[in-house]
Structures are given as structure tokens and as C-alpha cells.
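Trainee: I'd like to learn how to read a model like this one. Could we go through it feature by feature?

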Amino acid sequence: MSDSPSARRRAITALSAIGIVALAVSGCAPSSEPAPDPSDLAGQTIRMTVVQAGFRPAMEPAIARFTEETGIKVELVGYGGDQIQEKTQLEVSSRSSNIDVYALDGPPYMATMHDALEPLQPYVDRDGVDLDVYIPSMLEMGRYPSDFTQKEAGYKSGTGEVLGLPVRIGPHILHYRKDIFEQFGLEAPKTLDELREQAKTITEGTNGEVYGVALEGAQSLYIVLQWYDILWSFGADVFDETLTKATLDDPRAVEATEYFVNLYQDGYAPPSTPSADLDAAVALLQQGSAAMYPEYFPRHAVLNDPEASKTAGQWIAAPIPGNDGNPGVAVVTGWSLGVNKYSEHKDAAWELIKFLTSPEVQLSMAVENGNAPTVASVYEDAKYQELVPAAAVALEAAQSSKARSGLPGILEIEQTILAFELNAALVGDKTPAQAMKDAQQRITDVLK
Amino acid sequence: MGHGPTQSRRRQERWGFAPYLLPAILVLAVALLYPLTYSLYTSFHEVSLYDLSRWDFVGIDNYTNLLFGNPAFWPSLRVTGIFTVVSVFLEVVLGLAIALLLNIAIRGSKLARTVVLLPMMLTPIVISLIWKMLFNGDVGLLNYGLSTVGIDGPQWLGDTSWALTAVIVVEVWQNTSYAVLIFLAALQGVPDDVIEAAHVDGAGWWRSTWHIVIPFLRPALVIVLIIRTLFAFRAFETVFALTSGGPADSTLILSLFLQRTAFRSFDLGEASAIGWVMFLLALAISVVYLLALRERTPKRGRR
């Protein structure tokens with residue numbers, strides 16, 4: 001009898017109603033509830049995205065400890081550095097619950113993914129997490145809106161919603177070879193002009209055995225990031241402050257691009273530069289084929305890794321040099337961790353984030369696994385300073401550098417338009433002036 | 001009268017197989033028809049991966065924009081055309097040559113067969129990563145080898161005039177073994193007595209191969225051509241891992257262009273339009289090949 005269609009329909013309606021109520025309840029701010037009993041979370045399995053190289057090995061030992069302490073199992077889903085953004089976007093757009101913890105590379109992610117991220121302030125309040133321990137610009141990158149995203153006029157720094165906590169920092173610094181610089185009686189360059197002169201001295205002085213500088217010239221995100229350092233240090237930018245207008249028609253943008261392209265075309269960067277991606281550049285540097293490398297701070301550990309690098313121990317660091325009397329403005333990328341709003345294990349996901357971003361774990365990951373810490377006090381730790389002398393440079397760079405812009409079209413602007421135009425200028429298919437003119441036009445079309 | 005039951009039996013014979021086809025039809029409908037129709041539907045809409053809740057019908061705008069407004073389409077079609085034609089041509093010529101050589105029973109030919117088939121067993125990504133190292137202009141083995149004989153090798157993957165060649169080399173290296181496999185199988189069907197008769201009549205290896213063996217291989221040739229053309233036309237992994245379309249878009253084949261449109265520009269409508277243009281082109285190629293096959297195969301059973 002109870003099997004009659006109408007009864008079944010009623011049952012389904014009732015069940016869906018319960019489901020909706022349950023959803024509403026679980027969506028409530030956790031601050032109004034007591035923290036879940038940790039033993040309830042044990043046995044759950046959560047999934048977290050990571051970049052396969054660097055990021056993953058830096059986190060893995062700490063995550064193993066987390067599982068030991070909490071009983072929460074963690075599966076890492078690894079992607080290449082230039083693919084993780086589109087893979088994450090796919091998960092986000094389909095509102096999938098597949099991933100519980102998203103690794104977020106700052107404002108570009110926030111621009112298109114903020115709707116799918118769980119606001120973390122209630123969790124922070126509930127568990128009494130102190131947000132002041134983080135380097136302020138790092139924390140800001142996990143907010144939406146933020147200094148680096150599109151926002152209303154009059155936005156005040158530090159007031160956007162917290163959607164991610166910073167776990168791994170990455171300002172660009174200038175990695176350079178101590179031995180080569182000593183050999184030629186050079187000191188770290190203070191200006192970009194000086195950098196070019198030194199690159200010339202080294203390339204010519206070694207007959208091309210060691211090139212002055214290594215660039216990641218392949219048509220990918222990395223050429224864009226290295227170009228940002230130069231562009232910004234020349235005082236130009238891709239967008240105006242509101243991120244609604246392209247500004248590459250600025251003559252300084254052309255000058256910056258000429259400077260960048262000429263490092264290669266004048267022969268101070270290795271011949272393979274136009275096809276060099278991250279791995280190729282690092283391999284070259286580990287072999288000892290170039291003396292300077294403007295890149296992400298966490299690469300420092302890779303270059304100085306005695307197991308992988310023939311040049312280990314020779315790499316020291318300086319800030320990205322400035323131009324025209326101004327200090328250099330490097331790009332800072334840094335990873336935050338956020339909770340998927342559609343996750344079925346939000347509490348367990350939060351526990352993992354809280355663990356990995358805590359001062360204690362940030363210190364141990366920095367000292368033991370080469371992670372670049374986001375907690376300011378770690379940089380004052382004597383052991384860390386001794387182990388990674390470049391850390392002081394990185395901290396300073398992180399505080400004065402600039403993040404990538406967070407607006408919805410950024411993936412196309414950086415990886416399709418700018419990567420192509422810069423690579424075309426590098427191989428001489430276009431002049432830098434033409435490349436900037438075309439980029440300006442195409443970015444303006446995207447912003448429409 | 002009386003022919004009623006016969007007719008129904010005949011109908012039963014004619015349609016009795018239908019229920020057995022049902023599972024296959026269902027699978028095809030789910031796995032093929034649904035995505036095809038869905039992507040066709042998508043291609044007439046403006047829809048962004050960023051916001052999947054908004055679908056605006058735009059008619060054929062995605063197609064007209066692709067063909068007449070998108071500066072990357074025609075260059076990409078050209079790159080795809082060169083990539084497909086050159087790699088399939090080389091695969092067929094090399095595949096045939098290698099198969100004929102392997103078919104000569106000498107010591108070690110069995111081992112050689114296994115070795116030749118090795119590239120087929122490797123993942124394209126792995127192959128591409130290995131080749132990427134070999135091609136490296138500064139520390140790669142290939143240019144080192146060339147330098148020992150006094151040749152200054154190019155920046156294979158970093159030079160717009162060499163990158164497509166490099167990509168084709170890898171594609172051919174990986175897929176020639178497929179052609180070898182099919183040709184080797186077909187060679188087993190070539191009747192020995194005909195060849196022996198030719199030899200008795202004074203034909204050498206070369207003449208008997210050209211006039212007897214190769215005509216026998218024609219059906220195999222068509223299979224290799226169709227399959228390899230369609231696969232090369234929609235190749236993705238090799239080029240993606242080697243160059244991602246660079247330098248300066250010189251290796252931007254259509255499938256990469258599609259991926260870029262969908263996952264970087266988030267423009268699902270236009271990406272679907274690219275997919276459909278590729279589908280129609282592939283269909284046209286297949287029809288041409290099939291027509292060519294039908295004309296050339298001698299009709300059996302007629303005098």
C-alpha cells in the first residue's frame with residue numbers, strides 16, 4: 001500500500017525537505033556551534049590540490065604528521081604549475097565536492113573562485129586563530145575583495161572576506177652564483193642596468209660557458225611572471241588601478257619589454273631560452289650554465305639541493321634590482337589554502353588548513369622541508385636564518401612586492417595573450433613595440 | 001493464403017536481431033550521441049566556464065566569429081594541416097619500408113619486430129618529456145650528437161621555423177609502429193605462390209614487391225591512412241607536452257586551440273564550435289578516403 005505512487009512522491013518530497021534543512025544547517029556559521037569533537041573527524045578522508053613540484057614535497061611530511069595526530073586521511077591531488085589553475089576552475093565551476101581543500105595562488109584565483117569558497121572568519125573566531133601572525137600582504141592575497149582584485153572604490157586593505165589562509169610564500173628574488181660573482185669581482189646588482197652589464201661581463205668572460213641570466217622564455221605563464229618584475233620596476237603596469245583598463249600603451253611598457261627581450265637577443269641568456277620552461281631553466285642552473293635567475297623564492301632550496309644540483313651551496317639571493325632610482329618591484333605569488341564550499345568534510349578540511357598554516361608547523365616545514373613560510377616570526381628564527389640566508393631577502397621582497405591581478409579574464413590575459421606576445425617578441429617574430437601594441441588591443445577586448 | 005506465416009517468419013528473421021543490438025545502441029547513445037548533441041547545443045550559445053548558470057542563445061555567432069573574427073583560427077588550421085599530412089605521409093612510407101624489411105625472415109627479425117613496436121606501448125606524455133630533453137638546444141643529446149659531426153643544431157623547440165618539424169618527428173617516431181603492425185599483418189596474407197611464380201618469371205625482389213605485394217596491401221593502406229589521419233588530426237598530448245603551442249603559436253594545432261579557448265578564455269560556446277568544425281573536417285576526410293577505397297577495390301564475385 002505504501003508503495004502507491006503518491007505515497008512515494010510524498011516520501012521523496014519529505015526526504016528532500018530534510019535534505020534542504022540539513023544543508024541549511026550545515027551551511028550555518030560554525031561560530032554559533034561548539035567545535036566538533038576531533039574524534040568525530042578521525043577516519044574521514046579529505047582531498048587537497050597541490051602543485052606537483054616543490055609544493056607537494058614541502059607539505060607531505062607535515063601532512064603525514066597531521067594524519068597521525070588527527071586520524072584524518074589526506075589525499076593530495078597534484079598538478080603542474082601551469083595547469084593547476086584551469087583544473088581548479090573546472091572543479092569550482094562544476095560545484096564539485098571532489099576536492100575539500102583548494103590550493104589558491106592568490107588574487108587570480110580569488111577573482112573567479114571566491115563564490116565557491118567557504119568564508120573562514122567564523123572558523124577563525126571559533127578556534128581563536130591569530131591572523132596577525134601572517135605577513136600582511138600574504139593574508140591579503142587570501143581575501144576577496146582585496147588590494148589586488150577588482151573592488152569598489154574606497155576599499156580598505158584587510159577588510160575583504162578571508163577565504164584562504166597563506167601556507168607558502170613566493171616573491172621573486174634574484175638568485176645568483178656567489179662563486180661566479182666573486183670570480184669577476186661583482187656584487188649583487190642594484191639596478192637593472194647594472195644587471196645587464198654584469199650579465200654581459202659574465203657571458204663574455206666565460207666565453208658563453210656560463211650565461212649571465214636564465215629566463216623562462218617558453219610560451220607559458222612563467223615568461224609573464226619574469227616580465228612583470230621588469231615591467232613594474234620600469235614603473236609600467238598591465239592595468240590601471242581599478243583593473244578595468246589596459247595600460248600597455250605606456251612607453252615604459254615598451255622599454256621594459258625591450259630590456260627583457262634584449263637580455264636574450266643580445267646573447268646574455270642561454271640560446272634555449274625561447275623554449276625554456278621552469279624545469280628546463282632549473283636543470284640548466286643546476287648544471288651551472290647561468291649565473292643569475294630572477295624567480296620564485298622557493299626555487300632557492302632546489303638550486304641549493306646537493307642531491308639535485310651541481311651548483312648547490314653557491315646560490316645566494318638579492319632583491320630584484322630597481323630602475324631609474326626606484327627600488328625593484330617583484331611579483332609575489334603565494335599559496336593560500338581554502339575550503340571548498342561544496343565539500344562534505346568542511347571541518348576536517350579546516351583542521352588541515354589550521355594545522356599547515358600554524359606558526360609551529362610553518363617553522364618545521366621551513367626548516368625541514370624547504371617550504372617558504374608565511375608566518376613573519378619564522379623569519380626571525382635563528383635556525384631558519386642560518387639554514388636559509390636568503391630568507392631575509394625574501395621577507396623584504398614579500399613586503400614590498402606586488403601580487404598578480406585578480407580579475408575574471410586574467411587567465412586568458414596572462415597565459416594566452418601576454419605569454420604569446422612576449423614569446424613572439426623574444427624569438428623576434430614581433431618587435432617589443434608591436435607586441436605591446438597587440439597586447440594592449442587584445443587585453444582591451446577581453447576587458448570589454 | 002498460406003504466405004502469412006512465411007512473411008511473419010521472414011520479418012522475424014529480418015528484425016529478430018534488433019533486441020541484441022539494443023545494448024550497443026544504448027551505449028552509443030549515452031557515450032556518443034549525448035555529448036555530440038550537447039556540444040552542438042553549446043556551440044550555439046554564449047556560455048562561460050566561469051558561470052555555468054547563464055546560457056545565452058547566439059545563433060551561429062560562435063561559428064562566424066571563429067571563421068572570420070578569430071585571428072588564431074586559420075593559422076591553427078594551417079598548422080594542423082601540415083602536421084597531419086606530413087606526419088601521416090612519413091608514417092606510411094616508413095611503416096611500409098620497415099614492415100617489408102621485418103617481413104624478410106632473417107635472424108633477429110622477431111626481436112626487431114618487438115623493438116619496433118615499443119613506441120606504441122609508451123604513454124605520449126612520457127615520450128614527449130623524453131624528446132623534450134633530447135631536443136633541448138643547450139644540454140640536449142640531439143644537438144650534442146650533431147655537434148660531434150660538426151653541425152650546429154637549431155633550437156628545435158625554441159625556433160618558430162623548427163618547432164613544428166620537431167613535433168612531427170616525435171609524432172612519427174611514436175606512431176609509425178602502428179603502420180608497421182598493420183602492414184606486417186597484411187603481408188602475411190600475400191600468397192607465396194604468386195611471388196614464387198613471379199620470381200620464376202625473372203622478377204627481382206623490388207619488382208615483385210612493387211607489382212604484387214604493394215597492390216595486395218591496398219586495403220591495409222587505406223586503414224592506416226584513415227586511422228592515422230584522424231588521430232593525427234586530433235592529436236593533443238604530444239604537442240601539449242612538447243611546446244604547448246609555442247614558440248609564438250607556431251605549433252598551435254586545433255585541439256590545443258580548443259583547449260585554450262575552453263579553459264583559459266572559459267568560452268565554452270566557441271570551444272564547442274571549434275570542436276564541431278574539427279568533427280566536420282574529420283568526417284569529410286573519412287568520406288573521401290572511403291570513396292577512394294570503394295572505387296579501387298576490385299568487385300569480387302562478378303565477371
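Trainee: Which way do strand 10 and strand 11 of chain A run, parallel or antiparallel?

Mentor: They run parallel in this predicted model, and two bridges join them. Strand 11 covers residues 402–403, and its A:Lys402 is the bridge partner of A:Val331.

Trainee: Which strands pair with strand 10 of chain A in the antiparallel sense?

Mentor: Strand 3 (residues 101–104) does, through four bridges, with A:Tyr102 opposite A:Gly338. Strand 6 (residues 165–177) does too, over six bridges; there, A:Leu165 has A:Leu337 as its bridge partner.

Trainee: And how do I read the side chains along a strand?

Mentor: In a regular strand, they alternate between the two faces of the sheet. Here A:Val331, A:Thr333, A:Trp335, A:Leu337 and A:Val339 point one way from strand 10 of chain A, while A:Val332, A:Gly334, A:Ser336 and A:Gly338 point the other way.

Trainee: How many of the nine residues of strand 10 of chain A are buried?

Mentor: Nine of nine, so to speak a mostly covered strand by the cut-off of 20 or more other C-beta atoms within 10 Å.

Trainee: Which residues have a positive phi?

Mentor: Among them are A:Asn207, near 55 degrees, and B:Phe266, near 60 degrees. A:Asn207 sits in the loop between helix 9 and strand 7 of chain A, and counts as exposed because it has 7 C-beta neighbours inside 10 Å. B:Phe266 sits in the loop between helix 13 and helix 14 of chain B, and counts as buried because it has 22 such neighbours.

Trainee: How do I read the contact between the chains?

Mentor: Start with who takes part: 28 residues from chain A and 22 residues from chain B. On the side of chain A, helix 18 gives the largest share, seven residues. That side divides into 12 nonpolar, 13 polar and three charged residues. For the complex, the predictor gives an ipTM of 0.84 and a pTM of 0.86.

Trainee: Where in chain B does pLDDT stay under 50?

Mentor: Over residues 298–303, which have zero contacts beyond four places in sequence in the model. Where pLDDT is low, the predicted coordinates should not be read in detail. Chain B as a whole averages 88.

Definitions and conventions: Residues are numbered from 1 along each chain as its sequence is written. Chains are lettered from A and ligands numbered from 1 in the order in which they are written. This is a predicted model: local features need pLDDT of at least 70, side-chain atom pairs count only at pLDDT 80 or more; totals for chains, interfaces and linings use all residues. Two residues are in contact if their C-beta atoms, placed from the backbone, lie within 7 Å. Ala, Val, Leu, Ile, Met, Phe, Trp, Tyr, Cys and Pro count as nonpolar, Asp, Glu, Lys and Arg as charged, and the others, Gly among them, as polar. pLDDT is the predictor's confidence in each residue, from 0 to 100. A residue is buried if 20 or more other C-beta atoms lie within 10 Å of its own, exposed if 12 or fewer, and partly exposed in between; C-beta atoms are placed from the backbone. Two strands pair if DSSP finds at least two bridges between them.
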